[in-house]
Amino acid sequence: FPVTITLAEKTDLKVPLQGYVRAVGPSFNSAFGFSVGDRVLISGSGVMAPNYNDNHRDTFLMEPSAIKAVLAE
């Protein structure tokens, strides 16, 4: 159940990573505490995903456990 996260183009990797949940896999469960569209705090690493839609931001596949908090906007 990988989760796709989009990071800002100039993300400073020396500070905690933040991103937006763009998609979830078929095994996703709402008990994880976040959903598509949420801005989240990330701890851990992910796998860079191909840029199929010419987005200027990086996209990563991450395990749900890498998402540590949902950030309120």
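Reply: Let's start with Phe34. Phe34 is buried, with a relative accessible area of 5%. Keep in mind that this is a predicted model.

Me: Which ring stacks with Phe34 in an aromatic pair?
Reply: Phe32 does. The two rings form a stacked pair, 6.1 Å centre to centre, with 25° between the planes. The angle is under 30 degrees, so the pair counts as stacked.

Me: Is Phe32 buried or partly exposed?
Reply: Partly exposed, with a relative accessibility of 35%.

Me: How many aromatic pairs are there in the whole structure?
Reply: A search finds three. One of them joins Phe28 and Phe34: the ring centres are 5.3 Å apart and the planes sit at 55°, so this pair is tilted.

Me: What is the relative accessible area of Phe28?
Reply: It is 22%, and Phe28 counts as partly exposed.

Me: Which residues form the aromatic cluster?
Reply: Phe28, Phe32 and Phe34 form one cluster.

Me: Back to Phe34. Which residues are with it in the largest nonpolar core?
Reply: That core has nine residues. Besides Phe34, they are Leu17, Val21, Val40, Ile42, Phe60, Met62, Ala66 and Ile67.

Me: Which elements give two or more residues to this core?
Reply: Strands E2 (17-24), E3 (39-42) and E5 (58-62).

Me: Why would nonpolar side chains be buried together?
Reply: They tend to do that in soluble globular proteins.

Me: What is the relative accessibility of Arg39?
Reply: It is 25%, so Arg39 counts as partly exposed. The C-alpha atoms of Arg39 and Tyr20 are separated by 4.4 Å, though the two are 19 residues apart along the chain.

Me: How many bridges join E2 to E3?
Reply: Four, and the two strands run antiparallel. Gln18 stands opposite Leu41 in E3.

Me: And what about E3 and E6, how many bridges there?
Reply: Four bridges join E3 to strand E6, residues 67-71, and these strands also run antiparallel. In this pairing Val40 stands opposite Val70.

Me: New topic. How many helices and strands are there?
Reply: Zero helices and six strands. Along the sequence the pattern reads β-β-β-β-β-β.

Me: What share of the residues count as buried?
Reply: 26% of the 73 residues. The protein exposes about 5,000 Å², and carbon and sulfur atoms supply 53% of that.

Me: What share of the contacts join residues at least 24 apart?
Reply: 52%, taken among contacts between residues at least 6 apart in sequence.

Me: Now the loops. Where is Ser65?
Reply: In the loop between E5 and E6. Ser65 is exposed, with a relative accessible area of 55%. The C-alpha atoms of Ser65 and Gly44 are 8.7 Å apart, and 21 residues separate them along the chain.

Me: What does Ala66 touch?
Reply: Leu41, Ile42 and Ser43, leaving out residues up to four places away in sequence. Ala66 is also one of the nine core residues.

Me: And where does Val36 lie?
Reply: In the loop between E2 and E3. Val36 counts as partly exposed, at 48% relative accessibility.

Me: Last one. Where is confidence lowest and where is it highest?
Reply: Lowest in strand E1, residues 3-7, at a mean pLDDT of 67. Highest in E3, at 91. For the protein the mean pLDDT is 82, and 81% of residues reach 70 or more.

Methods:
Residues numbered from 1 in each chain as written. Predicted model: local features only at pLDDT ≥ 70, side-chain atom pairs only at ≥ 80, totals over all residues. Heavy atoms only, no water. Phe/Tyr/Trp six-rings, centres within 6.5 Å; stacked < 30°, edge-to-face > 60°. Buried < 20%, exposed > 50% of the residue type's maximum accessible area, 1.4 Å probe, protein only. Core = buried A, V, L, I, M, F, W, Y, C linked by side-chain atoms within 4.5 Å. Contact = heavy atoms within 4.5 Å. Pairing = 2+ DSSP bridges. Areas by Shrake-Rupley, 256 points an atom, 1.4 Å probe, with all protein chains shown as cover. pLDDT = per-residue confidence, 0-100.
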